[in-house]
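Please open the model in a viewer and keep the selection tool at hand.

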Amino acid sequence: MESQVIEIAYALDTFYFLVSGALVMWMAAGFTMLEAGLVRSKSTVEILTKNIALYSIACIMYMLIGYNIMYGDGFNSLIPSFMPILSSVDNSVEEVLLSGGEIYYSNLSDFFFQVVFVATAMSIVSGAVAERMKLWAFLIFAVVLTGFIYPFQGFWSWGGGFLDELGYLDYAGSGIVHMTGAVAALAGVLLLGARKGKYGPKGQINALPGANMPLATLGIFILWLGWFGFNGGSELKISDVESANAVARVFTNTNLSAAGGVVAALITSRLLFGKTDLTMGLNGALAGLVAITAEPLMPHPLLATTIGFIGGVLVVFSIVLLDKIRIDDPAGAISAHGTAGIWGVFAVLLSNPDASFVAQLVGILSIFTFVFTLSILFWLILKYTMGIRVSEEDEMRGVDIAECGLEAYPEFTAGRK
């Protein structure tokens, strides 16, 4: 009877892990729709191409090297090992039974769940560099980020490295996943420069509105749904009462934090601009989701809502500040994932008694410094070899035609000169 209970629990937890991973994979569609809605129509096809390509590249690179970098034994707590190729050997019935329930999910379900996280980090870069980056420069950088940069810093925390030893806490990756993607994006944007016409010679900021707000809003709802797998799946199991209750709390707090972010961003935009800006509300949802990701289990639901609310305020001010210093981010990705990610890491201190300010600060500084340094190095290599920015003519014509040879809405643009 005991062996049957262990086997059923193993099957249930593995299934939960896989379904959670599938929800996170669906976030790729959310990022795609959000970015496609927030760029101009002449840049839509390239966004779609980038997102399906980066997801595929992430899966292959994480299988070839990334997973073993992140979860290998490591040379020490700072430097991971570099064993290539994911092992396809999974747990046998005997191993599961002999563990007495300590082995409670399939190895390959763990890989599947982790690989969709690395794809999420790369998706963040896509929106920030939209409308002016060469497609193949972006895809080559995707190889580097997903195969090396992301798993290397991930080893420090989730792989048992020095940040884990220090006590850095980041439940589902406000810093490890979201800030990493935002920092890599920031490095690229700084070298890439702003879109033509975004900023005027006398300091004016010109709006370049996205082509499809319904699509962008749909993208946020897809991301919101997928985040239940992102955070809920990070509990890792559901087959006992304590774990089931924990998952329910994580779902509840994730949902409330997103809601708090939306309301806060809409109020803030109304107070700042005199208008209720939908795009700020959308990024407010993202900010709330990112902020609660570092610790969605411990807070009371009211505190979770407050964490999201603060994230929603911060994201609006961050977007405005980046525009003022001429850092052009069409999707607001650097603010929603970077600024809110940093806030989320520190917000752990509000509810988790095991968290320390020093450990959280060292975690943020370590991840930021490593990711920014490596990212800007690889962006520079790409810039001075193949180039990272399309020509001014191609940018004005649109990267869809220049890079992909297609238009997203040909019936509406066929007569355009």
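**Aromatic pairs**

The structure holds 23 aromatic pairs, where rings of Phe, Tyr and Trp (its six-membered ring) pair if their centres lie within 6.5 Å, and planes under 30 degrees apart count as stacked, over 60 as edge-to-face and the rest as tilted. This is a predicted model, in which local features need pLDDT of at least 70 and side-chain atom pairs count only at pLDDT 80 or more, while totals for chains, interfaces and linings use all residues. Residues are numbered from 1 along each chain as its sequence is written, and side-chain values use heavy atoms, with hydrogens and water left out.

Select Phe-82 and Phe-152: the ring centres are 6.4 Å apart with planes at 45°, so this pair is tilted. Phe-82 is in the loop between α2 (44–71) and α3 (93–98) and Phe-152 in helix α5 (residues 135–157), so the pair ties together parts 70 residues apart in sequence. Helices (H or I, at least four residues) are DSSP runs, numbered from the N terminus. Phe-152 counts as buried, at 10% relative accessibility, whereas Phe-82 is partly exposed at 35%; buried means under 20% relative accessible area, exposed over 50%, and partly exposed in between (1.4 Å probe, protein chains only).

Next, select Phe-117 and Phe-230, whose ring centres lie 4.0 Å apart with planes at 15°, so the pair is stacked. Helix α4 (residues 107–128) carries Phe-117 and helix α8 (residues 213–232) carries Phe-230, so parts 113 residues apart in sequence are tied together. Phe-117 is buried, with a relative accessible area of 1%, and Phe-230 is buried as well, at 0%.

How values were computed. Helix = DSSP H or I, 4+ residues; strand = E, 2+ residues; numbered from the N terminus.
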